[in-house]
Amino acid sequence: MASAPAQADLRTRLQNFIPKLVLAPSVAVIFLFVYGFIIFTLYLSFTDSRILPSYNLVGFENYSKLFRLSHWTTSITNLAIFASLYIGISTLIGLALATFLDQKIRGEGLLRPIYLYPMALSFIVTGTAWKWLLDPGIGLEHTMHLWGWESFQFGWIKNSDYAIYTVVLAAVWQSSGFVMAMFLAGLRGIDNEILKAAQMDGASNFQMYRRIILPQLRPAFLSAFVILSHLAVKSYDLVIALTGGGPGRATELPATFMYSYTFTRNQMGIGASSAVIMLMTIAAIMVPYLYAELREKK
Amino acid sequence: MSVATQDTALRTGRVSRAFIYLFLLLMALFYLLPFGIMVINSLKPLSEITGGNMMSLPQVWTLDAWRSTWSTAQIGVEPTGMRPYFWNSIKMVVPAVAISTVLGALNGYVLTKWRFRGDTILFGLMLFSCFIPFQIVLIPMARVLGLTGLAGSTTGLILVHVVYGIGFSTLYFRNYYAVFPTELVRAAMMDGAGFFRIFWRILMPSSGPITVVCIIWQFTNIWNDFLFGASFADFDSQPITVALNNLVNSSTGVKEYNVHFAGAIYAALPTLLVYIVAGRYFVRGLMSGSVKG
Amino acid sequence: MTLIKQLKLSAAVLALTATTAAAADVEVLHWWTSGGEAAALNVLKGDLESQNIGWMDMPVAGGGGEAAMTVLRARVTSGNAPTAVQMLGFDIQDWAKEGALANLNDVASEGGWDAVVPAALQRFSKYEDQWVAAPVNVHSVNWVWANKKLFDDNNISVPTTWEEFEAAMQTLQDAGVTPIAQGGQPWQEATLFDSVVMATGGPEFYQKALIDLDPEALGSDTMKQAFDRLGVIRENVDDNFSGRDWNLATAMVINGEAGMQIMGDWAKGEFVAAGQVPDEDFLCFRFPGTQDQVMFNADQFAMFDQGGTVSEEQAALASAIMSPSFQAAFNVVKGSVPARTDVPDTDFDACGKKGMADLAQAAEADMLFGSLAQGHGAPASIKNAYYDVVTAFFNGSFDSETATEELVTAIEIAQ
């Protein structure tokens with residue numbers, strides 16, 4: 001197709017330029033709308049902004065107020081509990097479902113959408129269904145009693161110490177199916193010839209999982225981790241619909257905290273400072289992980 | 001890998017198969033339970049819900065809640081039902097999903113097959129952008145939309161969703177294309193194929209599964225978004241989640257739970273449809289587009 | 001270059017068309033989306049349409065207006081403020097402080113608002129002697145809603161003092177009924193506590209502690225006593241309350257599972273919707289010890305400044321809101337009472353009539369107090385700090401002593 005050498009040279013140079021050109025708009029909007037806004041928030045966190053942004057600097061006042069608030073500490077602790085359990089359990093269940101579904105299961109076509117569908121529902125109302133289900137007075141416990149299992153007890157949602165675990169439960173329900181789909185896509189991409197060869201060499205199922213399958217699923221683990229941790233950090237609807245942050249403020253998470261200070265309490269400065277702390281925490285966890293994951297790819 | 005040997009090389013005994021089926025069925029039950037409650041209660045008259053057991057089957061089966069939610073329920077001043085808002089959502093979701101998916105695919109392609117200095121850092125920055133809390137975006141974004149004249153328009157909403165969707169769509173495609181054999185791309189380059197030609201002819205045909213995953217993700221997120229939809233839409237472009245919220249969250253009115261559940265199911269129908277339809281292509285894509293040739 | 005120019009141009013055109021469109025229509029941001037409320041708003045809409053003013057509806061429900069206020073902030077920041085916005089108490093003052101609200105003095109003097117709106121309400125509708133909002137209704141929160149049959153069966157008469165109230169709860173407890181139906185959300189617990197503080201410390205104490213936020217009053221023994229009484233009420237609530245919606249608590253009273261609920265007058269709608277009649281099936285009376293006071297919150301409509309003066313259609317909307325006929329029509333369905341005290345009570349039911357009489361009397365005697373839990377005592381930051389402490393106490397995280405101390409600190413941080 002190429003004719004004159006000069007033309008070909010121009011073409012190569014153009015070829016080298018095109019990829020960057022294609023990437024440029026995405027990079028530009030992300031720098032403006034994400035990193036630009038983060039810097040703006042950082043600035044706001046040092047101002048006395050209340051109902052609308054103000055540009056009056058007040059130093060570290062918002063930060064010192066923030067750490068005097070007992071339910072900020074609660075919400076940070078809750079996030080640690082919630083995120084680790086949620087990410088861990090969802091990954092485990094997702095991986096288990098994907099592995100099992102990959103065993104030539106009858107009715108896979110029916111089961112797959114059943115596992116996946118909770119992701120499609122918005123928590124604005126699904127939260128009500130969960131709230132009822134978990135409510136000892138009208139939900140599961142009540143029904144078990146009606147069915148004759150009198151000693152059955154499940155009142156976590158009403159207990160300040162356990163309510164956060166019901167949030168984990170509902171969150172796992174919502175997203176573990178999606179994790180399953182990602183792992184399933186990964187599993188189906190694995191070359192069966194390698195597995196067969198390994199089997200000939202006398203490898204056990206367990207060994208094959210450990211040595212061949214799991215390492216091949218690394219990109220899927222990365223996606224799952226990023227998606228789940230992002231959902232954990234942003235969990236807002238879920239908490240609002242399920243517990244409203246209660247009992248008391250026992251299930252408050254940073255996302256609900258941030259929203260309430262920025263918008264309902266008209267203390268935008270404190271809201272911004274909590275967002276900055278949040279982002280710094282995420283960065284402290286994500287940056288090393290991403291660094292390790294991405295560096296190896298070279 | 002060839003299509004004929006789709007089955008796994010792993011062998012499983014009878015006992016473990018029974019265990020697997022049991023596990024899968026129990027999990028299915030777990031996933032179905034809350035939705036079951038929603039469906040059952042949407043078919044009851046209101047008095048049966050507030051007065052009785054929420055887990056029991058209806059004594060009187062009725063479709064009233066479904067009918068009224070669609071066309072006569074009170075969303076705003078006019079009893080319009082959820083119908084008009086449905087269309088608003090579609091107008092917003094379809095372009096936003098399409099644009100962010102295409103951009104994600106192209107970005108993933110560049111980041112894996114046309115690598116350059118600093119590409120990993122750029123990707124890291126894009127990934128980290130997924131974590132920005134939407135609460136801090138609201139006010140500055142409103143300012144930007146106001147300055148560009150896009151405030152209160154569907155175009156503005158599409159822009160917002162595309163911006164905050166790119167991080168994820170790039171993640172999906174990058175991780176997928178990362179394991180795609182680079183030799184194929186090199187060979188095509190040798191043959192003189194250009195940037196877009198390689199993308200179109202070589203990567204696209206095997207991108208089925210990941211495109212489906214990406215569309216599912218974007219569609220779900222954008223369709224279910226409330227905060228942006230409520231804040232950046234005008235009276236005539238409010239999406240369905242705002243309508244659902246108005247139906248459910250009226251603070252001092254009588255709460256009609258049956259209508260709420262019917263509304264929630266209506267609002268979820270398009271996403272459910274995408275899951276079922278896309279789910280099929282998901283498998284088909286996996287079977288036909290054999291990556292390793 | 002040309003692209004940017006074009007963008008600027010189209011933005012300018014858009015801005016222009018936006019203002020011209022606003023010249024004939026009103027865009028109203030509100031959170032009244034339930035059947036009765038919306039039906040009542042329709043009266044307003046019809047009124048405006050008869051004057052050839054279009055109504056562009058922008059409903060955003062949720063959190064008693066919290067969602068709408070978030071949306072409002074985004075809209076104002078983007079330079080695309082709605083014409084009129086439903087607002088509560090201190091939000092009006094905050095927006096007026098930002099200079100965002102239109103001056104309604106001309107409409108107000110024409111309609112004689114000063115004479116008919118109670119002064120305690122004007123404190124919120126006016127900013128620096130300018131009318132900036134038109135009040136639609138007055139809700140009152142110090143109500144007790146009771147199941148009449150349970151009261152009759154157990155020979156309970158309407159309690160008027162704390163002691164009688166305690167006795168009534170005990171009687172119900174002994175009869176095997178849950179004495180108090182309580183919803184478990186911070187705002188509901190705090191709404192209940194408003195009444196308890198008023199009954200315990202009296203109006204002067206309430207004013208000093210929860211409106212003037214005097215640290216001494218907040219940390220006083222009277223406050224501790226109020227928490228103790230809240231603790232007594234907590235013991236008469238079933239263990240399943242947390243997270244419960246207020247209307248499900250109302251349903252417990254309707255079904256006879258529980259004896260009483262302390263809740264704002266919107267609870268009446270649930271009784272009426274269940275086919276019950278005041279004084280026949282259910283009772284409404286003031287929280288014992290607050291018979292002379294009315295603790296209120298009021299919905300108002302504020303007009304956003306569209307460039308200097310109030311526009312014609314904003315004026316039309318404001319005067320339509322303040323017309324006695326609309327005030328009556330709206331409040332009959334809403335369960336609240338009119339914001340003007342000169343509206344005839346003919347269309348109202350027994351509880352509505354009582355509410356109107358109470359309001360007029362309280363306005364006269366200067367016994368009208370804003371409810372802190374409902375955003376009419378102090379700004380949002382303080383209100384929420386108050387929620388934090390009350391809900392922590394009600395859910396057993398604090399004893400009354402700690403709660404009193406925490407209240408002082410929390411309110412100090414929020415200021």
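User: Happy to look at this with you! What makes chain C and chain B count as being in contact?

Analyst: Good place to start, and please keep in mind that this is a predicted model. Two residues are in contact if their C-beta atoms, placed from the backbone, lie within 7 Å. By that rule, 42 residues of chain C are in contact with 32 residues of chain B.

User: Which elements of chain C supply at least two residues each to the side that touches chain B?

Analyst: They are α1 (2–22), α2 (35–50), β2 (54–59), α3 (66–77), α13 (246–255) and α14 (267–273) of chain C. With seven residues, α2(C) gives the most to that side.

User: How do you know how the side of chain C that touches chain B divides by class?

Analyst: Ala, Val, Leu, Ile, Met, Phe, Trp, Tyr, Cys and Pro count as nonpolar, and Asp, Glu, Lys and Arg as charged, with the others as polar. Sorted this way, the side of chain C that touches chain B has 19 nonpolar, 16 polar and seven charged residues.

User: And what about chain B and chain A, how many residues are in contact there?

Analyst: Here 79 residues of chain B are in contact with 82 residues of chain A. Elements of chain B giving two or more residues to this side include α1 (14–42), α4 (83–113) and α13 (257–288). By class, the side of chain B that touches chain A holds 57 nonpolar, 20 polar and two charged residues.

User: Back to chain C: where are its domains?

Analyst: Domain 1 of chain C covers 26–139 + 297–359, and domain 2 covers 140–296 + 370–414. Their C-alpha centres lie 28 Å apart. Between them, 21 residues of domain 1 of chain C are in contact with 20 residues of domain 2 of chain C. On the domain 1 side, α17(C) brings the largest share, six residues.

User: What does Ala302(C) touch, not counting residues up to four places away in sequence?

Analyst: Ala302(C) touches Val85(C), Met87(C), Ile92(C), Trp95(C), Leu101(C), Val132(C) and Ala133(C), with residues up to four places away in sequence not counted.

Definitions and conventions:
Residues numbered from 1 in each chain as written. Chains lettered and ligands numbered in written order. Predicted model: local features only at pLDDT ≥ 70, side-chain atom pairs only at ≥ 80, totals over all residues. Helix = DSSP H or I, 4+ residues; strand = E, 2+ residues; numbered from the N terminus. Domains from an automatic or database assignment.
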